[in-house]
Amino acid sequence: MSVTPHKPSAGSRITAVDTYDIRFPTSRELDGSDAMNPDPDYSAAYAVLRTDAGDGLEGHGFAFTIGRGNEIQVAALDALRPHLIGRRVDDMCADPGSVSRDLVGDSQLRWLGPEKGVMHMAIGAVVNATWDLAAKRDGKPLWRFLADAGPEWLVSQVDFRYIEDALAPDQALALLRRGRDGAGRREAALREHGYPGYTTSPGWLGYSDDKLTRLAKEAVADGFTQIKLKVGADLQDDIRRMRTAREAVGPDIRIAVDANQRWGVREAVAWTNALAPFDPYWIEEPTSPDDVLGHAAIRRAVHPVKVATGEHVQNRIVFKQLLQSGAVDVLQMDAARVGGVNENLAILLLAARYGVPVCPHAGGVGLCELVQHLSMFDYVALSGTTEHRVIEYVDHLHEHFEDPVRMVGGHYAAPHAPGFSATMRPKSIATYRYPDGTFWAADAAATREATA
Ligand SMILES: [Mg+2]
């Protein structure tokens, strides 16, 4: 068939969903090490939606994993292919919620969740790829594509099933209409100042005290007003590291601590209170992400230290319960854990409804690139504020993306390029594809030689 460049055919369709198992050998430097995940190889189960539009545009999305099992995440992406091939590109970009509803609603795949785990993360990757394509076709970065959208249309993108008792569609509409007041002024402020970030880079559990001190001081010099320390392996070590960090940054810099689900409820309370003399700002993931009432109990017992969670919260329903039960001070949305932009819209609306600040989880591979768009939309056109809000930042693996995040004075600069900043460089894919990319093939050959 003939195609005209730069003029998408009205009848263009999805022709391929290409998937890739991409793994980075981060465990070798102890980058990303914490009390539950001592040796992560940051990985992406990556999907590319290709079309016959002839405009050169593709939709990119991924689920983040930390190594082994990424092949299972890729298999889950592959299982969604029949829902996507042949779909009209115009229709799916005009209503990404239709993709979300069809994938979440597959009556057989639903048994694998519902709306949680590997299958739901695969759906999130594909839904995010749809939004990436929609924003690229509109020529806007995703944050602006969302901020420019009408409140009624945004409400149509949210699945209110199971959350209507906490947030009804008319309440969501009212929040979005209120969010339009002053949106132009905030968009200008965002372009000028960016969105505040905090850094986890000094605080990985595997780093020495000297490295912690050096990186903490560098973070302050770079303009960050908050850093984060991984805790939870050994209490005496944590007390020493917390003291070291506090001495390095002084009293005015916030230090959050992150236990990555290491504790039961009682241990979480005792450990957090043992660190309290060093003024931790929040305790993150003190216990299982499913234990809503446990978080509420911890929050009552460690006040004024704040309680934060969300990077492993599986869907909007658990977030609803965390908010309804007063279990969290800080909601840590993740761009690639739940069912994509549509479900994250629901989560941002729930947070706005309860007045709880959203400080997204990021880092990993590509999570900073994605989630900045959601926070920037929230600032411009929903909550209307960055007060008590920061996006996590980790200085790893950005070089593998076509449009990497840019940090200026501890702030995320607003992206300009159309799309969701999800597109990975072809050379990075060719190098780190597992197990046959050039890095992993050479690594396997070296291992064979060493053991021969
Ligand atoms: Mg964390």
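**A colleague's note on the chain and its folds**

1. Let's begin with contacts: among those between residues at least 6 apart in sequence, 76% join residues at least 24 apart. Two residues are in contact here if their C-beta atoms, placed from the backbone, lie within 7 Å. Bear in mind that this is a predicted model, where local features need pLDDT of at least 70, side-chain atom pairs count only at pLDDT 80 or more, and totals for chains, interfaces and linings use all residues. Residues are numbered from 1 along each chain as its sequence is written.

2. Now the overall picture. The chain has 18 helices and 12 strands; these are DSSP runs numbered from the N terminus, with helices being H or I of at least four residues and strands E of at least two. Its C-alpha trace spans about 70 × 65 × 45 Å along the principal axes. With 452 residues, a compact globule would have a radius of gyration near 22 Å, and the 21 Å of the chain agrees with that. The radius is taken over C-alpha atoms, and the globule rule is 2.2 Å times the number of residues to the power 0.38. Of the 452 residues, 51% count as buried. Buried means that 20 or more other C-beta atoms lie within 10 Å of a residue's own, exposed means 12 or fewer, and partly exposed is in between, with C-beta atoms placed from the backbone.

3. Next, have a look at the open sheet of three strands, ordered E1-E2-E3 with antiparallel pairing. Strands E1 (14-23) and E3 (59-65) stand at the edges with a single partner strand each, so one side of each has no neighbour in the sheet. Neighbouring strands here are turned by 15° against each other on average, direction ignored. Two strands pair if DSSP finds at least two bridges between them; E2 (residues 43-51) and E3 are joined by seven.

4. How many residues of E3 are buried? Seven of the seven are, so the strand is largely enclosed by the rest of the structure. Gly59, Gly61, Ala63 and Thr65 point one way, while His60, Phe62 and Phe64 point the other way. Helix H5 (residues 117-138) lies across E2 and E3, running at about 150° to E3. For such angles, axes are lines fitted to C-alpha atoms, for helices over the stretch in contact, and values run from 0 to 180 degrees between N-to-C directions.

5. The H8–H15 packing is worth a stop. Helix H8 (residues 169-180) packs against helix H15 (residues 341-354) at an angle of about 80°, with the axes 10 Å apart. That makes H8 roughly perpendicular to H15, a label that covers 65 to 115 degrees. Gln171, Ala172 and Leu175 of H8 meet Leu349, Ala352 and Arg353 of H15.

6. Moving on to H12 (residues 265-275), its buried residues are Ala268, Val269, Trp271, Thr272 and Leu275. Their cover includes helix H11 (235-249), strand E6 (254-258), strand E7 (280-284) and helix H13 (292-302). E6 is itself mostly covered, with four of its five residues buried. Strand E5 (residues 226-230) runs parallel to E6, joined by five bridges, and Leu229 stands opposite Val257 in E6.

7. Gly363 sits in the loop between H15 and helix H16 (367-381). Is it buried or exposed? Gly363 is buried, with 23 other C-beta atoms within 10 Å. Leaving aside neighbours within four places in sequence, Gly363 is in contact with Thr200, Cys368, Glu392 and Val394.

8. Some backbone details to check by eye. A cis peptide bond joins Gly113 and Pro114, with omega about -5°; Pro114 lies in the loop between helix H4 (96-104) and H5. A cis bond also joins His303 and Pro304, with omega about 10°, and Pro304 is in the loop between H13 and strand E8 (306-309).

9. Tyr162, at about 75°, lies in the loop between helix H7 (151-156) and H8 and is partly exposed, with 14 other C-beta atoms within 10 Å. Gln261, at about 70°, is found in the loop between E6 and H12 and counts as buried, with 22 C-beta neighbours inside 10 Å.

Note on methods: Angles under 35 degrees count as roughly parallel, over 145 as roughly antiparallel, 65 to 115 as roughly perpendicular and the rest as oblique.
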